[in-house]
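User: Hello! I am new to this structure and would like a friendly tour of its helices and contacts. Could you show it to me before we start?

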Amino acid sequence: WEFNGSFYQPSAFLMMGIPGLEALHHWISIPFCALYLIALLGNCMILFIIKKTQSLHEPMYYFLSMLAVTDLGLVLCTLPTTLGIFWFNMRRIGFDACLTQMYFIHILSFIESSVLLAMAFDRFIAISHPLRHPSILTKTTVIKIGLAIILRGMISLLPIPFLLKRLTYCGKTELSHSFCFHPDIMNLACADIKVNVFYGMIILLSTVGMDFIFIVLSYILIIKTVISLATKEECLKALNTCVSHICAVLVFFIPMIGLSMIHRFGKNVPPLVNTLVAYTYLIIPPALNPIIYSIKSSHIREALLRALRRK
């Protein structure tokens, strides 16, 4: 512990694996390793295929590349501490290292939310204004959107580590997960955390919350446009281009909203439920997204088959 008058700050936190199942951590690590491997190989495969296939150099696949890079970042943020606990029972993480991990996990989550919104906007333009789509979403525009997404995440979350460092901590240093999460660290403080709670809620609602609302609005407009199409075949073809994106949105937002609600309002929720929702939020989307897009996107599927035939 570091002591400075009445100010106390732990030198490290202790992370949790899966509560109540500590004796089975080595066995539990097997499905986690499989998910991490699928996420790493799948997202690298998506990036490789898009880079090597000239016909995929268009906005929809540029945004998919951003999603794949974000998913890789999320995997690499949580993999060392999660497998460190399961394999070697390495529960200790330094205070500053914990804040750094937390900052990048939250940034990447916010970036993923924004990329999903950009993908929804791309589908809306492609279906509602197909002739204007190439002129609206040029390569330069896509790059600007990507930079804006990164800057929004970095700037909006920049105060969070400093708000946590100003707090006084006492006694309990055990986190609820095998990674560092803002509400989890904040709840270990024995000081007034109203500023942290208020700022965290405002940022969450103004970024991820607004992204989700605009995604829903985009699909309302898409459905309205699709209904106005002349034939049933055209309707199905237009909606089919959105299926993979809708799945990615649901896979990401449902566990994220669930975890946020548990941390803020679920004081009596069993620790095991809290832990499972957290792992679902951070590990399942990066593993499922490449599978979803490989199955539903004929262009990616065909490019993958061509690559395999060449080998």
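Analyst: Let us begin with a term: a salt bridge is a side-chain nitrogen of Lys or Arg within 4 Å of a carboxyl oxygen of Asp or Glu. The model is predicted, so local features need pLDDT of at least 70 and side-chain atom pairs count only at pLDDT 80 or more, while totals for chains, interfaces and linings use all residues. Residues are numbered from 1 along each chain as its sequence is written, and side-chain values use heavy atoms, with hydrogens and water left out.

User: What distance separates the closest N and O atoms of E174 and R91?

Analyst: A search of the whole structure finds four salt bridges, and E174 with R91 forms a salt bridge. This pair links distant parts of the chain, 83 residues apart: E174 sits in the loop between α6 (159-165) and α7 (182-186), and R91 in the loop between α2 (59-88) and β4 (92-94). Helices (H or I, at least four residues) and strands (E, at least two) are DSSP runs, numbered from the N terminus. The closest N and O atoms of the pair are 2.5 Å apart.

User: How far apart are the end C-alpha atoms over residues 62-88?

Analyst: The unreviewed UniProt entry lists "transmembrane region" at several places, including 62-88 and 197-222; UniProt positions are in the numbering used here, feature names are shortened, and annotations may be inferred rather than shown by experiment. Over residues 197-222 the chain is 100% helix and 0% strand, with end C-alpha atoms 36 Å apart. Residues 62-88 are also 100% helix and 0% strand, and there the end C-alpha atoms are separated by 39 Å.

User: Are α1 and α11 parallel or oblique to each other?

Analyst: Axes are lines fitted to C-alpha atoms, for helices over the stretch in contact, and angles run from 0 to 180 degrees between N-to-C directions. Angles under 35 degrees count as roughly parallel, over 145 as roughly antiparallel, 65 to 115 as roughly perpendicular and the rest as oblique. Helix α1 (residues 25-52) and helix α11 (residues 271-296) pack at about 45°, with axes 8 Å apart. The two helices are therefore oblique.

User: How many charged residues does the contact of α1 with α11 have?

Analyst: Contact means heavy atoms within 4.5 Å, and among the residues that meet are F32 and L35 in α1 and Y279 and I283 in α11. Ala, Val, Leu, Ile, Met, Phe, Trp, Tyr, Cys and Pro count as nonpolar, Asp, Glu, Lys and Arg as charged, and the others, Gly among them, as polar. By class, this contact of α1 with α11 has 14 nonpolar and three polar residues, and the number of charged ones is none.

User: How is α5 oriented relative to α8?

Analyst: Helix α5 (residues 139-157) and α8 pack at an angle of about 165°, with axes 11 Å apart. α5 and α8 are therefore roughly antiparallel.
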